[in-house]
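Visitor: I have a chain open here and want to talk through it. Can we start with the charged pairs?
Guide: Fine, here is the entry.

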Amino acid sequence: MTTVNCLDEEKSDICYAIDDPGYILSIRRYHLRNEMIPSGVSIFKIPQDVGTVFVTKTFVESVRLNQLRGGMLLDPTVGIFEGLIRPELNLVPDLP
């Protein structure tokens with residue numbers, strides 16, 4: 001899995017540790033710098049949150065085109081819990 005350092009921390013909604021302002025506890029909303037994502041990379045992680053997998057719009061279009069099933073692709077600019085509660089925020093809402 002490719003790791004791309006493309007998170008814009010200033011524009012993202014990040015919760016930092018009180019005793020260590022450089023330590024990220026959680027990220028509520030992500031703002032990614034698309035120009036930092038290398039061409040040809042469609043699935044990646046970011047070093048600030050290695051537990052989350054991101055995909056590009058090209059990947060989303062491939063999912064639609066190939067009518068893939070069984071996944072949920074949420075918009076990273078929306079809070080994770082809001083995205084789970086509001087299914088219309090799924091980037092591919094027609095996925096069964």
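**Salt bridges and surface**

Guide: There are two salt bridges in the structure, which is a predicted model.
Visitor: Which residue does Arg28 pair with?
Guide: Asp13, with the closest N and O atoms 3.2 Å apart. This pair links distant parts of the chain: Arg28 sits in strand β3 (residues 24-29) and Asp13 in strand β2 (residues 13-16), 15 residues apart.
Visitor: How accessible is Arg28?
Guide: Arg28 has a relative accessible area of 41%, so Arg28 counts as partly exposed. Asp13 is partly exposed as well, at 27%.
Visitor: And what does Arg64 meet?
Guide: The side chain of Glu61, in a salt bridge of 2.9 Å, N to O. Both residues belong to helix α1 (residues 57-65) and are three residues apart, about one turn of the helix.
Visitor: Is Glu61 buried or partly exposed?
Guide: Partly exposed, with a relative accessible area of 43%; for Arg64 the value is 35%, also partly exposed.
Visitor: Changing topic. Which residues form the nonpolar patch on the surface?
Guide: Met1, Ile43 and Val53, with about 280 Å² of accessible area together. Met1 lies in the segment before β1 (2-3).
Visitor: Why does Met1 count as exposed?
Guide: Because its relative accessibility is 61%, and the cut-off for exposed is over 50%.
Visitor: What about the chain overall, in what order do the elements run?
Guide: From the N terminus, β-β-β-β-β-α-α, that is, five strands and two helices. Buried residues are 29% of the 96 in the chain.

Key: Residues are numbered from 1 along each chain as its sequence is written. This is a predicted model: local features need pLDDT of at least 70, side-chain atom pairs count only at pLDDT 80 or more; totals for chains, interfaces and linings use all residues. Side-chain values use heavy atoms; hydrogens and water are left out. Helices (H or I, at least four residues) and strands (E, at least two) are DSSP runs, numbered from the N terminus. Buried means under 20% relative accessible area, exposed over 50%, partly exposed in between (1.4 Å probe, protein chains only). Patches are made of residues with over 30% relative accessible area and no salt bridge: like charges are joined within 9 Å, nonpolar side chains (Val, Leu, Ile, Met, Phe, Trp, Tyr) within 5 Å. Accessible areas come from the Shrake-Rupley method with a 1.4 Å probe; for residues, only the protein chains shown count as cover. A salt bridge is a side-chain nitrogen of Lys or Arg within 4 Å of a carboxyl oxygen of Asp or Glu.
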